[in-house]
Amino acid sequence: MSPSTFPIDPPAGRVPGTARGGPSLRRLWPSDGPAVQAFFLRLDPDTRASRFMAAMNDRTIATYAAQAMTAPGLVLGVFVDGTLRALGELRPYGLGRADTRTGEVALTVERGFRRSGLGSRLLRRLAEAVIREQEREIAELRAFLARQR
């Protein structure tokens, strides 16, 4: 199995739109830019605000999606029926304890595909990448959780 492809366990419940093989999780590359842009542009306003901690218009989203594919770090996506439905980003984030590099994780799951384990699988794979030292510059992960009202 190539390091850029990560099969995921079958979901406990049925993920909307999944075929017998279920969703597929893999690393995203610059060539996936159009799928990433389409994913972010499909997000509803509440999901955009939750993900980016601010209201974001389509132009700003498109700009972010373009730079996200070339910025330092690791980007993973979950595809359901060939369409990107969940995305996880692991980025270097300043200095942590004892001058080690700290990582920041951002997870986004499209409405309608939540509560099916896709976000948990993304988080687990991103943490495994740090543990396996695929992302050598990151030694510590920090989480910021936004409470939904």
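Because the model is predicted, local features are reported only at pLDDT of at least 70 and side-chain atom pairs only at pLDDT 80 or more, whereas totals for chains, interfaces and linings use all residues. Residues are numbered from 1 along each chain as its sequence is written, and side-chain values use heavy atoms, with hydrogens and water left out.

The protein chain holds four helices and six strands, where helices (H or I, at least four residues) and strands (E, at least two) are DSSP runs numbered from the N terminus. Followed along the sequence, these elements give the pattern β-β-α-α-α-β-β-β-α-β. Of the 149 residues, 38% count as buried; here buried means under 20% relative accessible area, exposed means over 50%, and partly exposed lies in between, computed with a 1.4 Å probe on protein chains only. Among the contacts with a separation of 6 or more, 61% come from residues 24 or more positions apart, contact meaning heavy atoms within 4.5 Å.

The helix packing comes next. Two packed helices are described by the angle between their axes and the distance between the axes. The axes are lines fitted to C-alpha atoms, for helices over the stretch in contact, and the angles run from 0 to 180 degrees between N-to-C directions. Helix 1, residues 33-42, packs with helix 3, residues 58-68, at an angle of about 145 degrees, and the two axes are 9 Å apart. The crossing of helix 1 with helix 3 is right-handed; a crossing is right-handed if the near helix is turned clockwise from the far one by less than a right angle, and left-handed if anticlockwise. On the helix 1 side the contact is formed by Val36, Gln37, Phe40 and Leu41, which meet Asp58, Ile61, Ala62, Tyr64 and Ala65 of helix 3. Sorted by class, this contact has seven nonpolar, one polar and one charged residues, where Ala, Val, Leu, Ile, Met, Phe, Trp, Tyr, Cys and Pro count as nonpolar, Asp, Glu, Lys and Arg as charged, and the others, Gly among them, as polar.

Helix 3 also packs with helix 2 (residues 45-52), here at an angle of about 50 degrees and with the axes 13 Å apart. Helix 2 and helix 3 are therefore oblique to each other, since angles under 35 degrees count as roughly parallel, over 145 as roughly antiparallel, 65 to 115 as roughly perpendicular and the rest as oblique. Their crossing is left-handed, and in it Arg48, Arg51 and Phe52 of helix 2 meet Asp58, Ile61 and Tyr64 of helix 3. The residues of this contact divide into three nonpolar, no polar and three charged.

How are the buried residues placed around these helices? In helix 3 the buried residues are Ile61, Tyr64, Ala65 and Ala68. They cover an arc of only 100 degrees around the axis, which puts them on the same side of helix 3, the arc being that of the directions from the helix axis to the C-beta atoms. Arg59, Thr63 and Ala66, on the other side of helix 3, are exposed. In helix 1 the buried residues are Gly33, Val36, Phe39 and Phe40. Seen down the axis of helix 1, they fall within an arc of 125 degrees, so they line one face of the helix.

Thr83, in strand 4, is partly exposed at 27%; its C-alpha is 9.8 Å from that of Val36, 47 residues away in sequence. Leaving aside neighbours within four places in sequence, Thr83 is in contact with Arg42 and Val78. Arg26, in strand 2 (residues 24-27), is partly exposed at 25%, and Arg26 and Leu87 are 61 residues apart in sequence but 9.8 Å apart from C-alpha to C-alpha.
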